[in-house]
Amino acid sequence: FLTSEYGFYKLWYTGADDTKQSKSFESHVVYMTSEDDDGEPFFQLLTASAAHKKGSDANSLLNVKQITGAVTPDAIAHYGGAASDNAHDAIAEGNKTFDGVISHIDGLDGNVEDNAYAKRMTTLYGVERKPIIWGDPFHICNLVVKWGSIGAFGDTEKENHSQIHHRQLMQSIHDVHVSIPVLSQAAADAVLADHNTKYKVKTNRERQERWLQNQHFAKRIVEGLDIDMGADSQNFWVQWARYLHERTSGWTQRACGEIITMALMPGIHVALNFEAELGNYFDVTFEWHASPGELSARPGFRTMELHQLYFEFICPFWEGAKEAPNETFPKTFACMAAMA
């Protein structure tokens, strides 16, 4: 367990995050990487208890307590660091947890064999060990698509539910649909009755922090825009909202009017297509990280293969986006060409 078949030291890592179990209870989840009897890696839960208070200081103390209480000194010696969601406080928590583990080792009785080994492992090849803090690739990719969208079309304004913005259109469609789901689907069926096609209205709350949620929702809206409604007819979403506008009242009717306005705007179509095509990038990286690799039969343990993902997909994708954006985002540029 402690060394590979080639004699290299193996290191294990932790991951931690706060999670809300209910409105009244939040817990701090800590897990560690480990190996089963066959040498296959897996994630092992250390705790899902509550920290005394929020912040890297309290969370790191909890992490150290759980690690030192559950892991033997000879294994503790191989603690390498942590993965985080790249937030400043999460990175600080990883550093403080590592420092706390090293302090624990320093305080052990060196006359005990396992303790003496742990003390020797605080330095490797004459160099004091420092923590390795991994940036979570899912969060990194989500930041890429989030700021790509904001950089291209700006951000939404808080509490402005009538803003002309493609992400506001997404939220408005969702709000209307979840408030009257049966009538919403009836509207879709009615406007498509003479077009020999069907469209299942399925929406999500507009939320950039939820991985791929906006991109996949934008793709479903674009599918509606792409339905052939006839040369002299307005697009599906305009007709859907118009049908509902005539049969509702209050805020729902007002939202339907705003949906009609935005769904008629070519600039909104461009933004929706770009949001959807940004998801093509994240879809590939998400699937890669969620799949087994050449060096591990289990997903989540592909660190030694990251160079392949970077040089075979990530770098070529963004180089292509820079040199020939019309080929990387073809539907976006087709929409812009139609506006000319």
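Ile132 sits in strand S7 (residues 132–135); helices (H or I, at least four residues) and strands (E, at least two) are DSSP runs, numbered from the N terminus. This is a predicted model, in which local features need pLDDT of at least 70, side-chain atom pairs count only at pLDDT 80 or more, and totals for chains, interfaces and linings use all residues. Residues are numbered from 1 along each chain as its sequence is written, and side-chain values use heavy atoms, with hydrogens and water left out.

Ile132 counts as partly exposed because its relative accessibility is 34%. Buried means under 20% relative accessible area, exposed over 50%, and partly exposed in between (1.4 Å probe, protein chains only). With Leu11, Trp134 and Leu306, Ile132 forms a nonpolar patch on the surface. Together the four have about 290 Å² of accessible area, from the Shrake-Rupley method with a 1.4 Å probe, where for residues only the protein chains shown count as cover. Patch residues have over 30% relative accessible area and no salt bridge; like charges are joined within 9 Å, nonpolar side chains (Val, Leu, Ile, Met, Phe, Trp, Tyr) within 5 Å.

Now go inside. In soluble globular proteins, nonpolar side chains tend to be buried together. The largest nonpolar core here has 32 residues. Such a core is a set of buried Ala, Val, Leu, Ile, Met, Phe, Trp, Tyr and Cys residues joined through side-chain atoms within 4.5 Å. Ile173, Phe236, Trp237, Trp240 and Leu272 have the most contacts inside the largest core. Among the elements that give it two or more residues are helix H6 (166–179) and helix H11 (266–289). Ile173 touches Phe217, Ile221 and Ile259, among others; contact means heavy atoms within 4.5 Å.

The salt bridges come next. There are 12 in the structure, each a side-chain nitrogen of Lys or Arg within 4 Å of a carboxyl oxygen of Asp or Glu. Asp57 pairs with Lys96, their closest N and O atoms 2.6 Å apart. The pair links distant parts of the chain, helix H1 (residues 56–70) and helix H3 (residues 88–106). Asp283 and Lys219 also meet in a salt bridge (3.9 Å, N to O). Asp283 lies in helix H11 and Lys219 in helix H8, so this pair ties together parts 64 residues apart in sequence.

Arg254 and Glu258 form another salt bridge, at 4.0 Å, N to O. They are separated by about one helical turn because they are four residues apart in helix H10. Glu258 counts as buried, because its relative accessibility is 17%.

Conventions: Lists of a residue's contacts leave out its neighbours within four places in sequence.
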